[in-house]
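Reader: I would like to learn how to read a model of this kind. Please take the features in turn.

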Amino acid sequence: MEASLTARDRVGIQDFVLLDTYTSETACLDNLRKRFHENLIYTYIGTLLVSVNPYKELDIYSKKQMDTYMGVNFFELPPHIYALADNAFRTMMSEFNNHFILISGESGAGKTEASKKILQFYAVSCPSTKVLNNVRDRLLLSNPVLEAFGNAKTLKNDNSSRFGKYMDIQFDHQGGAVGGHILSYLLEKSRVVHQNHGERNFHIFYQLVEGGEEDLLRWLGLERNCKHYRYLVQGNCAKVSSINDKSDWKTVRKALSVIDLSESDIENLFGIIASVLHMGNIKFEADARGYAMLNNNQEMQWVSKLLGIPNQVLQQGLTHRKIEAKSEEVFSPFSVDHAVYARDALAKAIYGRTFSWLVNKINESLANMKEGVIWDSSRKTVIGLLDIYGFEVFSVNSFEQFCINYCNEKLQQLFIELTLKSEQEEYEMEGIEWEPVPYFNNKIICDLVEEKFRGIISLLDEECLRPGEATDLTFLEKMEDKIGGHPHFVTHKLADQKTRKTLKRGDFRLLHYAGEVTYCVVGFLDKNNDLLYRNGKEVMRQSKNAIIKHCFPSTEPDSKRRPETVVTQFKNSLVGLTEILMMKEPWYVRCIKPNEAKQPGHFDDVLVRHQVKYLGLMEHLRVRRAGFAYRRKYEVFLQRYKPLCPDTWPNWKGTAAEGVRCLIKHLGYKSDEYKMGRTKIFIRHPRTLFATEDAFQVCKHKLATRIQAKYKGYKLLLHLKHVKQTMSCLIKIATKIETCWRGMMARRERQRRAWAVTDLLICSRFIKGFMNRHQPACTDNSEYLAFVRHSYLTRLKENLPKTILEKDSWLTPPPILQEVSAEDISIKVLQMIQHEKVKYSVPVVKYDRNGFRPRLRQLIFTQEAAYLVEEAKIKQRIDYSSLKGVSVSNLSDNFLILHVTCDDSKQKGDLVLQCDFLFEALTKLSVIVNKQNCIHVVQGSVRFDIQPGREGFVDFKSGQESMVYRAKNGHLMVVSL
Ligand SMILES: Nc1ncnc2c1ncn2[C@@H]1O[C@H](COP(=O)(O)OP(=O)(O)OP(=O)(O)O)[C@@H](O)[C@H]1O
């Protein structure tokens, strides 16, 4: 697998930054094309991932691939979305901070697919327990549900997200995905009642009609024929070859139950979907006075039945407007046009609010719950996934495209703020000589759209809210008047002759960062007002359908107070989103669409070049290339790498900057490879850092080997005849061990290894102290050994209960504490529990609760809990507060039974363990837990809980031969000599 990855990766260059020759747009394009044709769709620019949509299934998302990318350094393997996901996760775990992955690109570029891949990666790579699996399933299955209700076929993409989605995945301190939260942005509701040619309504309508069971359709009054429904036929493409509505229906139907929707919720939900379809078929005719009247009551009856609203009430709501005079209410009849408008407005409102209800329901089911308790939010970190509609340019662009493209401007601004701008500002602050890289700052466009009083949004709102005859055209005139001279704005009236030909009278054109878009002003006011006649709301409030009742609450602020316009709500939600993102560490995935025809293997140079340009890839590349791949505060850099230079190791006396200077001189850094800033060192290429890191790893192992060798040497020395000579050696060794240990302790990132040598330190200190005190008194080795042994046992005794002295093997443990090694614990486990500080670890044999099968495990004590670990998996965590006690026998066996408080019958019970280093483990435990009396020495049998309510026994006996075997009725026999 490694080999094949490497071979594949020879094609093109996997990171533009590492190249010396690639700086031009053409070269960048060449590289992307070359890789694309070899199915290498991912390329890096530093840590930014560029992804080109392959439009075909690639065999690069298997479980095996996920395993390959887990826990591996970013640049060690070919670029992959898993590498980015894994690195974001590991950085979050090690730095205990929040992150977000911003996935951008135009419609159809592969954003939603990328976000699904990331979610799937976390689902597989994160630790799993029953509770966590539950959360994982819900996180995964929220996707098909949201896609069914929020995605639709457009001309650009057969599965286009018609809403913005930001999903937080919440992790606990062990890295388990414990919950999630979704924020949705501006669903394109107008699609419910109108679709352009070649487009469809939201998937769920077709799924229900095509896939719904006969009984269900009958109950909903639907026919199995999409053509029958006016809201489904306007795009004239109900059937799409890439979409299988029938099988998607099954997935969605199943997913709805997993995300905790009750059967009655589901029934109500389908009732609403069907009622929208029926509503679309309601037709009006003009009566003699020209007012709207219904020409067919059957569809109305279905709506009435499904929504639980009396027919009469519904009819009046769709054909009359309620006007409140001073003390009375008057119903004024609608014209046919008005009635159609009211019907469509109601259908959009029902669908839009039901979508929000669904998102809330999903959020309830993803709420951060652990064992039924809302999880402590201070102990969780999050990775946010932002998959928001891409930049859109259709032949006719309306209010929706205006909002979507404004959103993309805001995200581009965020990208500029967090990368191009902040990076360059940092160089300036640090006094690094720097040739500024020019980039297009789209602030000018954002201001044009959102500036208070003068921006397009303000002008639109003004027009919507002002009294008098406001129309789309008066809005256009207002813009011409107020922002006519803006370089990024033009209309038919303002354009020069050449441009005028490309614009209609009702158009305005914005020069976005991603290119020109011409918007047709028709419908802007209506869509922004999103008026649902008050009467319509009141009608809905009478519904017996629980979802509709919830969506149209009687306490809703009434239409007397004008609600915020759609665009202002959207603008505010984007401000909120930016705030959420600014507080997190960013990672970027830039998706590129290779062609408009959704064809595999076709790379359209012009199209891709355009995206490379507007996604800011070249600017990013130039900043990255001209800039520095890595920077760290002097103190941090010195602390980590000081063992690499004899002058800085173990301690540097001087300023951190001087220490770093000395260190990199020793390492032979060339002058163009780094820069010294005011507070940080900047390293230009990752390869320089990798070389340093490699040297550090080698040094670390050498150091550990030296410590080990010296420790072993020390043990051998004990056998030397001449005590004085031995002692002086030991003092030297002990001193060195201590020095090494101090150095190791000082390095923060090596904290997790510190416990491994803690015992060495205790031992060395003890020996040193002992030597100093007793050197004159000791005359031979045996006397010395006696002292060592005596003192060791005294130390154990101080920390163990008196009763332990009754244990038969008390005087037989080896005099020196066992050699424990951090290598025994998987890095993944260490990462998960590092915040608790590992204190001690020991291999144990764990006897299964069912059948007493022996299993090799690692028992780890941290400051807060004991962990039973199997390789990279944490099998059980026992909080010390739930540790009731520990039982050991009075015989010479090495068994211990951990008794655990456990109220939940589904939880694991007590632990039966066998440990070769029983006394040390007990000592450690009693010191950490600070409870000597939790250890009980027992004779005969120990009762323990296999599970709460199910008991087992360990029977201790002495015999001719030590052995362990399973007896009847849940008894484990332990025979010791
Ligand atoms: N990594 C991939 N492997 C295979 N096919 C892909 C991949 N990424 C995208 N596609 C194909 O491209 C289609 C469009 O992708 P996707 O829906 O993710 O686009 P998008 O950028 O989210 O678009 P929109 O903004 O319209 O929602 C997918 O339905 C799928 O067929």
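Reader: What should I know before starting?

Author: This is a predicted model, in which local features need pLDDT of at least 70, side-chain atom pairs count only at pLDDT 80 or more, and totals for chains, interfaces and linings use all residues. Residues are numbered from 1 along each chain as its sequence is written.

Reader: Which residues come nearest to the ligand?

Author: A residue is near a molecule if its C-beta atom, placed from the backbone, lies within 6 Å of it. Here 21 residues are around the ligand, and Ser107, Gly110, Thr112, Glu113 and Ser160 come nearest. Two or more residues of the shell come from each of H5 and strand E5 (160–161). Helices (H or I, at least four residues) and strands (E, at least two) are DSSP runs, numbered from the N terminus. H5 gives the largest share, 3 residues.

Reader: Which residues does UniProt list for "binding site"?

Author: UniProt positions are given in the numbering used here, feature names are shortened, and annotations may be inferred rather than shown by experiment. The unreviewed UniProt entry lists Gly105, Glu106, Ser107, Gly108, Ala109, Gly110, Lys111 and Thr112.

Reader: Is glycine 110 buried or exposed?

Author: A residue is buried if 20 or more other C-beta atoms lie within 10 Å of its own, exposed if 12 or fewer, and partly exposed in between, with C-beta atoms placed from the backbone. Glycine 110 counts as buried because it has 25 C-beta neighbours inside 10 Å. Glycine 108 is buried as well, with 23 such neighbours. Glycine 108 lies in the loop between strand E3 (99–104) and helix H5 (111–125), and glycine 110 is also in the loop between E3 and H5.

Reader: Which residues does glycine 108 touch?

Author: Two residues are in contact if their C-beta atoms, placed from the backbone, lie within 7 Å. Leaving out residues up to four places away in sequence, glycine 108 touches Lys156, Asn157, Ser160, Lys593 and Lys598. With the same exclusion, glycine 110 touches Ser51, Asn53, Gly105 and Cys591.

Reader: Where is lysine 598, and what is its phi?

Author: Lysine 598 sits in the loop between strand E18 (585–592) and helix H24 (605–614). Its phi is near 60°, a positive value in a residue other than glycine. Lysine 598 is partly exposed, with 15 other C-beta atoms within 10 Å.

Reader: Which residues of helix H17 are buried?

Author: In H17 (residues 456–465), the buried residues are Ile456, Ile457, Leu460, Asp461, Glu463 and Cys464. They line one face of the helix, because seen down the axis of H17 they fall within an arc of 160°. The arc is that of the directions from the helix axis to the C-beta atoms. Those residues pack against helix H16 (443–450), H18, helix H20 (524–529) and helix H23 (566–582).

Reader: Where is phenylalanine 453?

Author: Phenylalanine 453 is in the loop between H16 and H17. It has a positive phi of about 70° although it is not a glycine, and phenylalanine 453 is exposed, with 8 other C-beta atoms within 10 Å.
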